[in-house]
Amino acid sequence: MWFRNLQIYRLPTPWQISAEALNAQLARGRFKPCGAFEATSRGWISPRPARDPETLIHAIGGQWLLALETETRLLPSLVVRQEVQARAEKIAQEQGFTPGRKALRDLQAEVWDELLPRAFACRRKTVVWIDPVHGWLGVDAGSQKKAEEVLEALGDCLEDFPCKLLSMRTSPASAMTEWLLSGDAPFAIDRDCELKSATGEQAAVRYVRHSLRDETLPEIRAHLQAGKFPTRLALTWDDRLSFVLTEKGEIKRLEFLNMLKEELEDIEEAEEIFDAKFALMTGEFVRFLPALIEALGGEKEAA
């Protein structure tokens, strides 16, 4: 139950909605598999189907867990093109002329409709954390685009959804530049860093599992002074949480360190372990996010 990524959004503080009301509204968008002629389908599922397959919110200590299921039929465009080409060649042989553009478009639609019901379906689950008291919404997604799919699904179900992307006064790229130039960062700097040029060529320098200490910092500073800027920097907060901060403010490659995991050693039941992990993880998020905001100069606008 550990998140691997965290796309961070802001809700009102506190968000005035009960778990029961949210669950009822999410039920409007409960997941249904793709129909025969649907390329994709998405909807809300139970985060704990073995425990309660009907409830769409798993609540522990005032923290909520949601899960969005997305099903996509895998029909490669290459397969469609090859089938269209084969049928077009057959038509040309039978009629003595090559089909025109409109005929090819109609043929492509025909092939698509025939092959889609036979295509394999792939499912992907995206989990969401909501802290209604402190006004946090976090999506375990590797990109903002995937997180926005979750927000869109929430917006489709909820009567009122006042959510916005977390915005800081200091851009992450500017803050990471200052930390690397000064050697004084609010978090421990780890061993991964990526620098990119702002020019059209976008030349990049990457340090992977490389000590960013005394022997490397002069080289990094030379790149920064030459016009490059940090796009990714590995950091550790409070010896409990390691992560990569991106220039967009995304939190990636989250790892909860041994000091935190040791608190689970005496728990044996699978359901209890799940709940304990979720409680520990969200408790760390509630402490970590204000520290991150402070390090980036505070929120640009009050929630």
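Q: What counts as a helix or a strand in this predicted model?
A: Helices are DSSP runs of H or I with at least four residues, and strands are runs of E with at least two, numbered from the N terminus. In these terms, Arg-209 is found in the loop between strand E9 (204–207) and helix H6 (217–225).

Q: Why is Arg-209 called exposed?
A: Exposed means over 50% relative accessible area. Arg-209 has 61% relative accessibility, and therefore counts as exposed.

Q: Why is Arg-253 called partly exposed?
A: The class lies between buried, under 20%, and exposed, over 50%. Arg-253 has 40% relative accessibility, so Arg-253 counts as partly exposed. Arg-253 is found in strand E12 (residues 251–256), and phi of Arg-253 is a positive value near 50°.

Q: Which residues gather in a patch of negative charge on the surface?
A: The patch consists of Glu-262, Glu-265, Asp-266, Glu-268, Glu-269 and Glu-272. Asp and Glu count as negative.

Q: What kind of peptide bond joins Thr-13 and Pro-14?
A: Most peptide bonds are trans. The bond that joins Thr-13 and Pro-14 is cis, with omega about -10°. Pro-14 has its place in the loop between strand E1 (7–10) and helix H1 (19–26).

Technical notes:
Residues numbered from 1 in each chain as written. Predicted model: local features only at pLDDT ≥ 70, side-chain atom pairs only at ≥ 80, totals over all residues. Heavy atoms only, no water. Patch = residues over 30% accessible without salt bridge, like charges linked within 9 Å, V, L, I, M, F, W, Y side chains within 5 Å. Areas by Shrake-Rupley, 256 points an atom, 1.4 Å probe, with all protein chains shown as cover. Salt bridge = Lys/Arg side-chain N within 4 Å of Asp/Glu carboxyl O. Charge placed at Lys NZ, Arg CZ, Asp CG, Glu CD. Buried < 20%, exposed > 50% of the residue type's maximum accessible area, 1.4 Å probe, protein only.
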